[in-house]
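Hello,

Here is the structure I said I would pass on. My notes on it follow below.

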Amino acid sequence: MHRVVALVRPPQSTFELACAAQVFGVERRGLPTRYSFGVCTERPGPVATYAGYDMVVTRGLDALDRADTVVVPGWLPVTEPPSPAVVGALRRAHSRGARVVSICSGAFALAHAGLLNGRRATTHWALADELAARFPRVQVDPNPLYVDHGDIATSAGAGAGFDLCMHLLRGDQGARYAAHVARTMVMPPHREGGQAQYSAPPHPAQVDGTLAPLLEWVTERLGEPVTVEAMAARAGVSARTLTRRFADQLGTSPGQWLLAQRIAAARDLLESSDLPVDAVARRVGLSSATNLRRRFLNALGTTPGAYRQAFQAGPRAAQGTRRMRHTSAAPSSTSAAEVRNSAG
């Protein structure tokens with residue numbers, strides 16, 4: 001059982017905490033339970049929240065000494081640094097091998113603990129400049145939905161906490177397990193793009209020219225040689241207009257989005273079937289085992305064969321596979337599986 005512990009502080013933002021609790025703390029019918037979830041605070045007892053009610057937290061900082069994953073679900077106000085006791089607890093957890101994760105403003109707590117020094121990290125787009133100014137040794141990137149280094153992970157604003165938690169779940173347990181969890185929450189397994197699509201007011205074209213029908217049409221034809229030109233023709237626009245709409249609505253390009261869908265479909269087939277790798281490649285539109293291996297290595301840092309062996313062997317073997325790749329949910333010219341988002 002993988003132990004996840006969230007570190008809260010008064011006043012606590014409830015949505016960020018709920019992101020982690022909903023992904024890691026809920027038992028779901030038809031799925032084996034692979035996580036235990038708990039909450040701790042520096043001074044156990046009533047903890048005020050920004051939602052106008054108090055919650056009672058009975059566990060202290062010693063709970064972090066037994067956690068496999070530590071989540072800091074926001075740290076507000078960001079002008080108040082964590083106490084030496086909290087800093088010490090975070091450092092001890094990380095040094096003994098626990099995965100340390102922040103959601104939204106929680107990156108400030110990790111930065112105070114020195115865990116982000118020399119690393120790329122993200123936070124809510126409205127807080128990115130302040131994080132960069134206060135912690136010049138942190139490589140703050142305001143665009144991605146999350147950045148995952150394997151041992152340390154940070155997310156953008158509140159909603160991106162779901163994106164990061166689902167990404168970690170998918171890395172721990174596989175794409176099929178994560179897809180089942182996403183369906184129970186009535187949300188996509190992952191979102192495309194970066195924070196830019198949320199940090200500016202929507203363009204009229206985003207409302208009038210929604211991509212939803214086109215995306216559904218494409219996902220039903222992943223095994224076919226669908227091109228960007230074919231997608232543009234289906235949408236009744238030029239390739240340039242389609243590219244602009246993808247950037248506005250999804251924060252990525254049509255080609256990157258399409259490749260991400262094909263890799264996701266390949267992951268599912270590798271987990272759930274015994275199809276040869278070449279057959280998997282053809283079924284998801286990647287033409288050959290060689291092409292699938294290259295795309296898989298770029299996106300996930302492992303091969304289709306190693307991925308299949310890890311996730312068909314079970315979650316413990318998969319833990320080693322997910323650590324092979326340090327991912328970031330930001331658009332990239334070589335990897336389309338590294339794309340997601342939010343705010344709050």
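Asp 148 is part of strand β9, residues 146-148 (helices, H or I of at least four residues, and strands, E of at least two, are DSSP runs numbered from the N terminus). This is a predicted model, in which local features need pLDDT of at least 70 and side-chain atom pairs count only at pLDDT 80 or more, while totals for chains, interfaces and linings use all residues. Residues are numbered from 1 along each chain as its sequence is written, and side-chain values use heavy atoms, with hydrogens and water left out.

Asp 148 is buried, at 2% relative accessible area (buried is under 20%, exposed over 50%, partly exposed in between, with a 1.4 Å probe and protein chains only). Its side chain has a polar contact with the side chain of His 167 at 2.9 Å (a pair of N or O atoms within 3.5 Å, where within protein one must be able to donate a hydrogen and the other to accept it, and residues adjacent in sequence count only if both atoms are side-chain atoms). A polar atom of the Asp 148 side chain also lies 2.7 Å from the backbone nitrogen of Gly 150.

**Helix α12**

Of the 19 residues in α12, 14 are buried.

**Confidence**

Mean pLDDT for the protein chain is 85, with 85% of residues at 70 or more (pLDDT is the predictor's confidence in each residue, from 0 to 100).

Regards
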